[in-house]
Amino acid sequence: MKKLYTAKATAAGGRSGSVKTEDSKIDLSLSVPKGLGGDGGEGTNPEQLFGSAYAACYGGALELIAGQEGVDIGDYTVTATVSIGKSEEGDLDLEVILDTYLPGVDVETGEDLVNKAHEVCPYSRATRDNIDVTLNLLLDE
């Protein structure tokens with residue numbers, strides 16, 4: 001792989017600690033959610049950070065595909081819902097729902113863009129066949 005950019009983040013103390021990037025643009029406390037047996041404190045958690053990153057990355061892929069296809073996607077949004085749970089074997093697993101709102105785009109065009117973005121997004125490619133990812137297209141009524 002020819003590297004274009006590298007980010008470096010360090011976590012200390014696991015889910016109850018903190019995370020900080022090398023350039024200090026992210027410097028956050030972490031808390032364990034109540035659903036995972038924690039106190040649900042003021043800090044963020046890995047699922048929120050992953051969801052934020054995935055939504056932003058997928059949005060970038062969506063912009064790329066829309067630009068290549070000459071489609072104006074307007075003030076679109078991508079919301080990533082990340083869930084953590086136990087598999088039948090008792091292992092912890094993740095699942096993601098990506099809700100993509102594309103105002104002013106018809107269903108056929110929207111579905112095409114959403115699916116193509118999922119093919120090229122680095123996060124989608126990294127998680128493919130590893131976690132369940134559901135793609136939802138949200139349009140104006």
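Begin by selecting Asp-112 and Lys-116, which both sit in helix H2, four residues apart, or about one turn of the helix. Helices here are DSSP runs of H or I with at least four residues, strands are runs of E with at least two, and both are numbered from the N terminus. The model on screen is predicted, so local features need pLDDT of at least 70 and side-chain atom pairs count only at pLDDT 80 or more, while totals for chains, interfaces and linings use all residues. Residues are numbered from 1 along each chain as its sequence is written, and side-chain values use heavy atoms, with hydrogens and water left out.

Stay with this pair and display the side chains. Asp-112 forms a salt bridge with Lys-116, and their closest N and O atoms are 3.2 Å apart; the term means a side-chain nitrogen of Lys or Arg within 4 Å of a carboxyl oxygen of Asp or Glu. Asp-112 counts as partly exposed at 30% relative accessibility, and Lys-116 is partly exposed too, with a relative accessible area of 32%. For these words, buried means under 20% relative accessible area, exposed means over 50%, and partly exposed lies in between, with a 1.4 Å probe and protein chains only.

The side chains of Glu-69 and Lys-116 meet in a salt bridge with an N to O distance of 2.7 Å. Because Glu-69 lies in helix H1 and Lys-116 in helix H2, this pair ties together parts that are 47 residues apart in sequence. Glu-69 counts as partly exposed, at 37% relative accessibility, and Glu-69, Asp-112 and Lys-116 are linked in a network of salt bridges.

Which residues have the most contacts inside the largest nonpolar core? Select Tyr-58, Leu-62, Ile-73, Val-78, Leu-98, Leu-102 and Leu-113, which hold that place in a core of 22 residues. The elements that give two or more residues to this core are helix H1 (46-69), strand E4 (77-86), E5 and helix H2 (107-120), and the largest share, eight residues, comes from H1. A nonpolar core is a set of buried Ala, Val, Leu, Ile, Met, Phe, Trp, Tyr and Cys residues joined through side-chain atoms within 4.5 Å.

Select Glu-95 together with Glu-88, Glu-89, Asp-91, Asp-93 and Asp-132, and you will have a surface patch of negative charge. Such a patch is made of residues with over 30% relative accessible area and no salt bridge, with like charges joined within 9 Å.

Two loops come next. Asp-129 is found in the loop between helix H3 (122-127) and strand E6 (132-138), where it has a positive phi of about 70 degrees although it is not a glycine; at 78% relative accessibility, Asp-129 counts as exposed. Ser-24, in the loop between strand E2 (18-21) and strand E3 (27-29), also has a positive phi, near 65 degrees, in a residue other than glycine.

For a last stop, select Lys-20 and Asp-27, whose side chains meet in a salt bridge at 4.0 Å, N to O. Lys-20 is partly exposed, with a relative accessible area of 38%.

Key: Patches are made of residues with over 30% relative accessible area and no salt bridge: like charges are joined within 9 Å, nonpolar side chains (Val, Leu, Ile, Met, Phe, Trp, Tyr) within 5 Å. Accessible areas come from the Shrake-Rupley method with a 1.4 Å probe; for residues, only the protein chains shown count as cover. Lys and Arg count as positive and Asp and Glu as negative; His and the chain ends are not counted. The place of a charge is taken as NZ of Lys, CZ of Arg, CG of Asp or CD of Glu.
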